[in-house]
Amino acid sequence: MMLVRAFVSHYRRHPIQLAALAMMIVLATMLWTGVTVLTDQARNSLFQSEEAVAARVHVVRSDGEPIGVNDFVALRLAGACIAPWLEIQRPPPEGRVIGIDLLAMGCFGDAAPGGEAGTLDGAPFVDISEAVRLSGEEYDSRLYLLAASENPALPDGYALREFSLGPATGELADSFLLNLDALSLLVLLITGLLVRSVHRLGIAQRQHSFDLLHRFGVPRRRVRQLLALELVVLTGVCVLPGLWLGAQLAGMLGGGFGQALDSLFDVTLYAGSTESLPWQAAGIMVLLVLAVCLVDWVVPQTWQDAAVSGRGQLVAVAVLLVGLASVALAQGLAGVFLGTALVFAGTGWLTPGLLAILAQRRADGAEVYGTGPLIRWRLRELAVMFRHLALPVVALQFAMATVLAVQALVTTFENTFEDWLAQRLEAEFYVQVPPGADASLAAKRLSELEGIGPWHRVIRGKARITAGDSGKAMGAEGESVSADLFALTPIGDLVSDWTLLASVDQPWQNLERGGVMINEQLARRHRIEVGDPLRILLAGTEASTSVVAIYADYGRPAGEVLMSGAELPENFSARFESFSVNPGELAMADISEQLGSIWNTPEVTVRDNASIRALASQVFSQTFLLTRAISILTLVLAAVALLIMGWVFFTTRVWYFRLLGIWGLPASAIRSQLRRLSVTLTLTVTIAALPLGIWLTWVLVSRINPLAFGWSLPMDLYPFFWLELGAIAVLTGLVIAQLMRRQLVHRVSDKQVEA
Amino acid sequence: MSSPVLAVDGLSKKFISAGQRVPVLSGLTLGVHSGESLAIVGRSGSGKSTLLNLLCGLQKPDEGAITVVGESFDSSGNSDSDARWAELRRRSIGVVFQDANLMPALSLLENVRLRAHLAGLTAGGERDWLERLGLGAEADRYPDQVSGGQAQRAALAMVFAMAPALILADEPTGSLDRHTADEVAECLFTMQRDTGCALILATHDTALATRCDRLLDLSAVKPSGAG
């Protein structure tokens, strides 16, 4: 017992150090848990949405009216095996739930959604009575009638449709999850570095006590056992609040995350997609803390010495170069991530030593006389700090580079998306064609109106495309792929200003003549280029055509073919139709009224340009809330860690600042030296983070984004972010200097009392 | 005789211990002239280090007055007294401790240059001081690359390089073996004689104390109010 008391006496004398270590573990657990919960939710939601709708069909009314309870009764009386599927859309974090009727599932057998017929296997499926109750609470709801097979006997007035909650996302959703996993691992790496750095500093300060215990006859192995026990207890205690905070963080970010899934992949975040507390994440965090803090006992000292030797530095350079080459040449996401990890490892390995050498060189170059000696001393102290604070310096560098890259990516996307949206939303109003209404009649009327501005009809549906004669696209010869169809007629001023990624001469004229344009997603996924021949299958009719342009199409995963509406076969069944209209000299209300009279409906759904734009922008900002939040939280954590480390480390250097005072340097000049030292430290780390951040931006926009989402972005740099990060670095440096100053004052007064 | 480099009149200092004010020095009066050396001896806790700290302005007296190189200070602690003390320590008062007198990130020569720079001296000659103290070959080494005795001699080189009027040395040989301590002491007294500065030395070492011109035993000066 006495041994344990002697062992932990260090923390009785330095409670702030214990608090710092505990705080690092709590914050690291919080971040890791938050990211893990969100990633698990995404993975479960994707799995559930795939499982829930896999190979199912649902019944629709032939007259286009929504399905109701009466339809369910009529179909059951007719002997069809159908079951109700009532979706209740609640906003995140609750998410969507699905009400099903267990009795009605009886005829589905093993194919029953939500579990075996007669049972429920939990969220997102609930009993239909519960769903009906929720639908009364002002949540959006929609009823579907699922059919057990693709060929049930249906009475007249009903038809079958493929049941799909969104477009097939292929491997893109997996790539999205891989991105999240990579971000999680980066967070884990940074937090691991921070925990290790705080723990190592404490161990270094306690080494004298350990040596003393050894001299008193306590075996070194016993000391290590006690250290491990201390760490296990501390981690166990700190992981619990970290878990709770992480769950809260996930709850706060859940809304944005749900939007991200919805807008990027049309995947809905389901209720109850994950456990209440992710104990697995807690286990990983405990293992991480133990691993990063106790790794020195496992790794032979010769290896540790070799790592910082000249040969070790050469290995680091080799790791860096291999990483750079891997990222540039890799064909898949896994290769890019592996290369990125190697680049981070190599950079982290090299940075502290290089910065120390740089500071040393600058110190050597300082004037021998004049103000030189003081500058030389400060730069030498800086070099010492770079070496002793290597881990938090690297963690801060990684965090800053990540923030820089994510900010650049998001802002580039924001700007590109806005330009793209402005092109896409040229019309002032958008009129939705009601189900069952004849859009061609409306088109005829619009063409007859005097004084109306530019307009076009939009027809959306599905098409299958096959490689043309060259056979180079879409892999195996004759293989066809499904794509969204986007047809316009007439093709005019509303689209002719689009910026195209690649095109033949006069692309819009060529489109009118029967050519097609494809979106970037389709082009990248199937390596289709401008000029490539394609065969397009529409409503059973196959036609040969060629690609006249490739256009950018952000924020969605599906491949898309754009063609002239005049080229569509007569029997083509549109899934959605609308008109984009500039009313010109006419009032939109009048146009809307005329369309309503043609379609024999009192209310026509008309949306104005501004509301659609606002909705798109809102979805956009929500989409990137999570990424921004995680990167900024990581930066805050790294800055706090550097702050704590700088402060604790200063206890070992405080005497030398006091010595300056004894040598007659005025207190204000000592404070100035403190400020310069700490601000130079944080600012230098920021500057060191810039190349890594710029490189990571390139990796995100030019390598990861096309592989993960199917579209690329231009590589833009934002020096204003650099200045922002510089300002954060200066602020962190000033806070460190202020804490150091307090310690300096306290030390002097301690000395007085002790004397 | 010329006016003293240091004059102390009625100096008192108390510390708070376990909630009580404990007197360490009480009504101390002394004077030290240029070229003179004074040894301050006494048992541990008798106030030797405190007195040296008071004499260079690192601590403030509760009562009494101190005059150093013509600059007068009293216990009231005028607003500019810190700046005047700092100026004196920069240019006129050299302080040597038992150890840790050198900046570990600088070589011995760079330490001497830094100290000379702070004293406002711009001319070269720092290497000469190291050579005079037998450290010419070690000038470019760092403090952790030399012995304790060499580090203390480097500390003396730093002090003498600033051409001080007064040297305050607190147990300058306290952490050295006898032989090395004698070497360092020899250097200290030789240089002090050569430069003609005043020296006040706090020590437990009787042999070292007896080499000084005068001796002040703080154990014999019982502060009023002390237990």
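Tutor: pLDDT is the predictor's confidence in each residue, on a scale from 0 to 100. The term applies here, as this is a predicted model.

Student: What is the mean pLDDT of chain B?

Tutor: In chain B, 95% of the residues reach 70 or more. For the complex, the predictor gives an ipTM of 0.89 and a pTM of 0.71. The mean pLDDT of chain B is 85.

Student: Which strands are the edge strands of the sheet in chain B?

Tutor: The sheet of chain B is open and has 4 strands, in the order β2-β1-β4-β5, with antiparallel pairing. An edge strand of this sheet pairs on one side only. The edge strands of chain B are therefore β2 (20–32) and β5 (71–74).

Student: About what angle does the direction of helix α1 of chain B make with that of β1(B)?

Tutor: Neighbouring strands of the sheet are turned by 25° against each other on average, with direction ignored. Helix α1 (residues 48–55) of chain B packs on this sheet and touches β1 (6–17), β2 and β4 of chain B. The direction of α1 of chain B makes with that of β1(B) an angle of about 125°.

Student: Which residue of β5(B) is the bridge partner of B:Ile66?

Tutor: Strand β4 (residues 63–68) of chain B runs antiparallel to β5(B), and 4 bridges join them. In β5(B), the bridge partner of B:Ile66 is B:Phe73.

Student: Why is helix α3 of chain B described as largely enclosed, and which elements are included in what covers its buried residues?

Tutor: A residue counts as buried if 20 or more other C-beta atoms lie within 10 Å of its own. In helix α3 (residues 108–118) of chain B, 11 of the 11 residues are buried, so the helix is largely enclosed by the rest of the structure. Among these buried residues are B:Glu110, B:Arg113 and B:His117. The cover of the buried residues includes α2 (81–91), α4 (126–132) and α5 (148–161) of chain B, together with α11 (372–388) of chain A.

Student: Which helix gives the most to the side of chain A that touches chain B?

Tutor: In this contact, 21 residues of chain A meet 24 residues of chain B. On the side of chain A, at least two residues each come from α11, α19 and α21 (719–754). The residues on that side divide into 16 nonpolar, 2 polar and 3 charged. With 7 residues, the helix that gives the most is α11(A).

Student: Which residue just after α19(A) takes a positive phi?

Tutor: Helix α19 (residues 654–662) of chain A has buried residues, including A:Phe657 and A:Leu660. Just after α19(A), a positive phi of about 100° is taken by A:Gly664.

Student: How are helices α10 and α20 of chain A oriented, roughly parallel or roughly antiparallel?

Tutor: Helix α10 (residues 333–364) and helix α20 (residues 667–709) of chain A pack with their axes 11 Å apart, at an angle of about 175°. Their contact includes A:Leu333 and A:Val336 of α10(A) and A:Leu692 and A:Val699 of α20(A). The residues of this contact divide into 9 nonpolar, 4 polar and 1 charged. Because angles over 145 degrees count as roughly antiparallel, α10(A) is to α20(A) roughly antiparallel.

Note on methods:
Residues numbered from 1 in each chain as written. Chains lettered and ligands numbered in written order. Predicted model: local features only at pLDDT ≥ 70, side-chain atom pairs only at ≥ 80, totals over all residues. Buried ≥ 20, exposed ≤ 12 C-beta atoms within 10 Å, placed from the backbone. Pairing = 2+ DSSP bridges. Axes fitted to C-alpha atoms, helices over the stretch in contact; angles between N-to-C directions. Contact = placed C-beta atoms within 7 Å. Nonpolar A, V, L, I, M, F, W, Y, C, P; charged D, E, K, R; others polar. Parallel < 35°, antiparallel > 145°, perpendicular 65-115°, else oblique.
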